[in-house]
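Trainee: I would like to learn how to read the features of a model. Could you take me through them one by one?

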Amino acid sequence: MTGDKLARRHGRFPDFNDWFNREFPGLPGWRPGFAAHSIPVEMTSGEGEYVLKAELPGMDPDKDISITVDGDLITVSAEHSESTEDKEHSEFRYGSFRRTVRLPGTIPVDDVDAAYTDGVLRIHIPMPEETLSTERTIPVKRVDTKSGGEAS
């Protein structure tokens with residue numbers, strides 16, 4: 001390895017997404033008919049917001065893409081229909097695509113903004129404000145077990 005870049009390390013076991021959002025291990029190209037393809041994403045944060053980028057080439061953002069927010073989850077869904085023309089060979093992916101990302105706090109629904117350019121969906125999500133800790137010490141009372149009452 002050269003330069004300043006660090007090698008990407010892989011754990012002993014595959015990532016959950018590697019097992020369930022892509023091809024089934026040992027059977028290349030197989031996935032259940034009801035399963036949606038996983039959407040490749042990048043997540044960055046800074047300047048008071050998260051930016052989620054999703055790779056969705058060939059989609060029409062007005063018809064094919066939907067974004068939903070539920071609590072701390074944001075879900076990108078898309079549908080890419082196969083053309084009716086005869087093909088001798090195709091490696092394009094058709095069907096349903098879906099990816100859900102959990103953020104560390106409730107997502108402010110009204111402030112989420114999304115734009116689609118050159119096959120990449122970019123979603124700007126304001127960072128939830130950190131809640132202040134409401135930690136406090138709770139006194140423990142001693143109970144007199146003989147009389148069943150509290151002792152001072």
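**Strands, core and turns**

Mentor: Start with a pair of strands: β2 and β3 run antiparallel and are joined by six bridges. Strands are DSSP runs of E with at least two residues, helices are runs of H or I with at least four residues, and both are numbered from the N terminus. Two strands count as paired if DSSP finds at least two bridges between them. Within this pair, methionine 43 has leucine 52 in β3 as its bridge partner. This is a predicted model, in which local features need pLDDT of at least 70 and side-chain atom pairs count only at pLDDT 80 or more, while totals for chains, interfaces and linings use all residues. Residues are numbered from 1 along each chain as its sequence is written, and side-chain values use heavy atoms, with hydrogens and water left out.

Trainee: How many helices and strands does the chain have?

Mentor: One helix and eight strands. Along the sequence the pattern is α-β-β-β-β-β-β-β-β.

Trainee: How do I read a sheet, and what is the order of the strands in the sheet with antiparallel pairing?

Mentor: Strands of a sheet pair through backbone hydrogen bonds, either parallel or antiparallel. Here four strands form an open sheet in the order β2-β3-β8-β7. β2 and β7 stand at the edges with a single partner strand each, so one side of each has no neighbour in the sheet. The twist averages 15° from one strand to the next, with axes taken as lines fitted to C-alpha atoms (for helices over the stretch in contact) and angles running from 0 to 180 degrees between N-to-C directions.

Trainee: What is the order in the sheet with mixed pairing?

Mentor: That open sheet of four strands has the order β1-β6-β5-β4. Its edges are β1 (37-38) and β4 (65-70), each with a single partner strand, so one side of each is left without a neighbour in the sheet. β4 pairs with β5 in the antiparallel sense over six bridges, and isoleucine 67 stands opposite valine 76 in β5.

Trainee: Which residues have the most contacts inside the largest nonpolar core?

Mentor: In soluble globular proteins, nonpolar side chains tend to be buried together. A nonpolar core is a set of buried Ala, Val, Leu, Ile, Met, Phe, Trp, Tyr and Cys residues joined through side-chain atoms within 4.5 Å. Buried means under 20% relative accessible area, exposed over 50%, and partly exposed in between (1.4 Å probe, protein chains only). The largest core has 17 residues, and those with the most contacts inside it are Leu52, Leu56, Ile74, Val76, Leu121, Ile123 and Ile125. The elements giving two or more residues to this core are β3, β5 (73-80), β6 (95-102) and β8. Leaving aside neighbours within four places in sequence, isoleucine 125 is in contact (heavy atoms within 4.5 Å) with residues including Leu52, Ile74 and Val112. Buried residues make up 18% of the 152 residues in the chain.

Trainee: What is the phi of glutamate 47, and where is this residue placed?

Mentor: Most residues other than glycine have a negative phi. Glutamate 47 has a positive phi of about 50° although it is not a glycine, and its place is in the loop between β2 (41-46) and β3 (49-55). These two strands form a hairpin with two residues between them. Glutamate 47 is exposed, with a relative accessible area of 84%.

Trainee: Where is aspartate 118 placed, and is aspartate 118 buried or exposed?

Mentor: Aspartate 118 lies in the loop between β7 (113-117) and β8 (120-126). Its phi is positive, about 50°, although it is not a glycine. Aspartate 118 is exposed, with a relative accessible area of 76%.
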